[in-house]
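Visitor: I have a protein model open and I'd like to learn how to read it. Could you walk me through a few features?

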Amino acid sequence: MSHSLRLIKTACPQIHIINVMPVEDEKIYFCTSRGKDFYAQLMRDENVAITGINKDYQMIRLNGKAQKLVDQKLWIDHIFKENPSMNLWNSLYTGKDICAICLRTN
């Protein structure tokens with residue numbers, strides 16, 4: 001499922017396209033590269049808004065807080081297992097460049 005994610009509470013909000021991986025325990029999980037502006041924005045301001053469409057063409061909208069996950073290796077492995085198409089992306093970055101993040105809804 002792909003979503004548009006917008007960081008809020010910043011001087012100049014940015015919209016980023018992300019692929020949501022697992023959705024578990026009322027949290028949305030995804031990865032990004034530590035070298036991207038997107039990562040820096042998430043680390044500066046954890047408040048985000050998401051809009052998207054699921055496989056049944058239902059629109060969703062939610063607000064929440066982005067959180068860098070503690071056990072990075074465990075979550076990155078889990079995310080890539082859930083979405084094998086990410087292996088191409090993984091070949092472009094080393095494991096240390098990728099950061100697993102979850103979105104906790106308000």
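Guide: Let's start with one side chain. At 58% relative accessibility, Lys 73 counts as exposed. Keep in mind that this is a predicted model.

Visitor: Which residue does Lys 73 meet in a salt bridge?

Guide: The general idea comes first: side chains of opposite charge can pair when their charged atoms come close. Here, the side chain of Lys 73 meets that of Asp 77, at 2.8 Å from N to O. Asp 77 is partly exposed, with 41% relative accessibility.

Visitor: Why are Asp 77 and Lys 73 separated by about one helical turn?

Guide: Because they sit four residues apart in helix α2.

Visitor: How many salt bridges does a search of the whole structure find?

Guide: Two. Glu 46 and Lys 65 also meet in a salt bridge, at 3.8 Å from N to O. That pair links distant parts of the chain: Glu 46 is in the loop between α1 and β5, while Lys 65 is in strand β6, 19 residues apart. Glu 46 is partly exposed at 34%, and Lys 65 is partly exposed at 26%.

Visitor: On to the rings. How do I describe an aromatic pair?

Guide: A pair of aromatic rings is described by the distance of the centres and the angle of the planes. This structure holds two such pairs. In one, Tyr 29 and Trp 75 are stacked, with 4.2 Å centre to centre and 5° between the planes. Tyr 29 belongs to strand β4 and Trp 75 to helix α2, so the pair links parts of the chain 46 residues apart.

Visitor: Are Tyr 29 and Trp 75 buried or exposed?

Guide: Tyr 29 is buried, and Trp 75 is too. Phe 30 and Phe 38 form a stacked pair as well, at 6.1 Å centre to centre and 20° between the planes. Phe 30 is buried at 1% relative accessibility, and Phe 38 is buried at 7%.

Visitor: Which residues have the most contacts inside the largest nonpolar core?

Guide: Phe 30 turns up again here, along with Leu 42, Ile 101 and Leu 103, in a core of 13 residues. Strand β4, helix α1 and strands β5, β6 and β7 each supply at least two residues of this core. Another core lies apart from it, with 12 residues, including Tyr 29, Cys 31, Phe 80 and Cys 102.

Visitor: I see cysteines in that list. How many disulfides are there?

Guide: A disulfide is a covalent bond between the sulfur atoms of two cysteines. The count in this model is zero.

Visitor: Why is the sulfur of Cys 99 too far for a bond?

Guide: Because the closest cysteine sulfur, in Cys 31, is 7.9 Å away, whereas a disulfide needs the two sulfur atoms within 2.5 Å. Cys 99 is buried, at 0% relative accessible area. Cys 102 also counts as buried, at 0% relative accessibility.

Visitor: Let's finish with one residue. What does Gln 72 touch?

Guide: Leaving out residues up to four places away in sequence, Gln 72 touches Arg 34, Ile 98, Cys 99 and Ala 100. Gln 72 is in helix α2, and its side chain reaches the backbone oxygen of Leu 69 at 2.7 Å.

Visitor: Why does Gln 72 count as buried?

Guide: Because its relative accessibility is 13%, and buried means under 20%.

Note on methods:
Residues numbered from 1 in each chain as written. Predicted model: local features only at pLDDT ≥ 70, side-chain atom pairs only at ≥ 80, totals over all residues. Heavy atoms only, no water. Phe/Tyr/Trp six-rings, centres within 6.5 Å; stacked < 30°, edge-to-face > 60°. Buried < 20%, exposed > 50% of the residue type's maximum accessible area, 1.4 Å probe, protein only. Core = buried A, V, L, I, M, F, W, Y, C linked by side-chain atoms within 4.5 Å. Polar contact = N/O pair within 3.5 Å; in protein donor to acceptor, adjacent residues only side chain to side chain. Contact = heavy atoms within 4.5 Å. Salt bridge = Lys/Arg side-chain N within 4 Å of Asp/Glu carboxyl O.
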